[in-house]
Amino acid sequence: MKYLLLIALALALVWWWRLLGRKKNTGEPTSAPAQKKPVDVIACRHCGLHLPRAEALGGTQGFYCSEAHRRASEESANSP
């Protein structure tokens, strides 16, 4: 009889604990995370590195990841 009472008490405590957990989770509705807009990604004409268009440097041949790559690519295109 003593063990039956202890089991019933343990089950009651588990039920009570889970009930408290549900109340905390359903308190306030959570808002959906804001979705970010897709970013245009391009490849560097010199090395092929992919980077956002907003961070790329424009040149006469295309887009580049750095000033050094833009300069190197345009110098090789201008040399005979």
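The structure holds two salt bridges, a salt bridge being a side-chain nitrogen of Lys or Arg within 4 Å of a carboxyl oxygen of Asp or Glu. The model is predicted: local features need pLDDT of at least 70, side-chain atom pairs count only at pLDDT 80 or more, and totals for chains, interfaces and linings use all residues. Residues are numbered from 1 along each chain as its sequence is written, and side-chain values use heavy atoms, with hydrogens and water left out.

| Pair | N to O distance |
|---|---|
| Arg 70 and Glu 67 | 2.2 Å |
| Arg 70 and Glu 74 | 3.0 Å |

Side chains of opposite charge can pair when their charged atoms come close. Glu 67, Arg 70 and Glu 74 are linked in a network of these bridges. Arg 70 and Glu 67 lie three residues apart in helix α2 (residues 67-78), about one turn of the helix. Arg 70 and Glu 74, also both in helix α2, are four residues apart, again about one turn. Glu 74 counts as buried because its relative accessibility is 15%, while Glu 67, at 34%, counts as partly exposed. The cut-offs are under 20% relative accessible area for buried and over 50% for exposed, with partly exposed in between (1.4 Å probe, protein chains only).

**Chain as a whole**

The chain has two helices and four strands, in the order α-β-β-β-β-α from the N terminus. Helices (H or I, at least four residues) and strands (E, at least two) are DSSP runs, numbered from the N terminus. Of the 80 residues, 9% count as buried. The accessible surface comes to about 7400 Å², with 61% belonging to carbon and sulfur atoms; areas come from the Shrake-Rupley method with a 1.4 Å probe, and for residues only the protein chains shown count as cover. Among contacts (heavy atoms within 4.5 Å) with a separation of 6 or more, 8% are between residues 24 or more positions apart.

Trp 15 is in helix α1 (residues 2-25) and counts as exposed because its relative accessibility is 58%. Trp 15 is one of the residues in a nonpolar surface patch of about 1000 Å², together with Tyr 3, Leu 6, Leu 9, Leu 13, Trp 16, Trp 17 and Leu 20. Patches are made of residues with over 30% relative accessible area and no salt bridge, nonpolar side chains (Val, Leu, Ile, Met, Phe, Trp, Tyr) being joined within 5 Å and like charges within 9 Å.

**Gly 62**

Gly 62 is in the loop between β3 (57-58) and β4 (63-64). Not counting residues up to four places away in sequence, Gly 62 touches Arg 45 and Leu 57.
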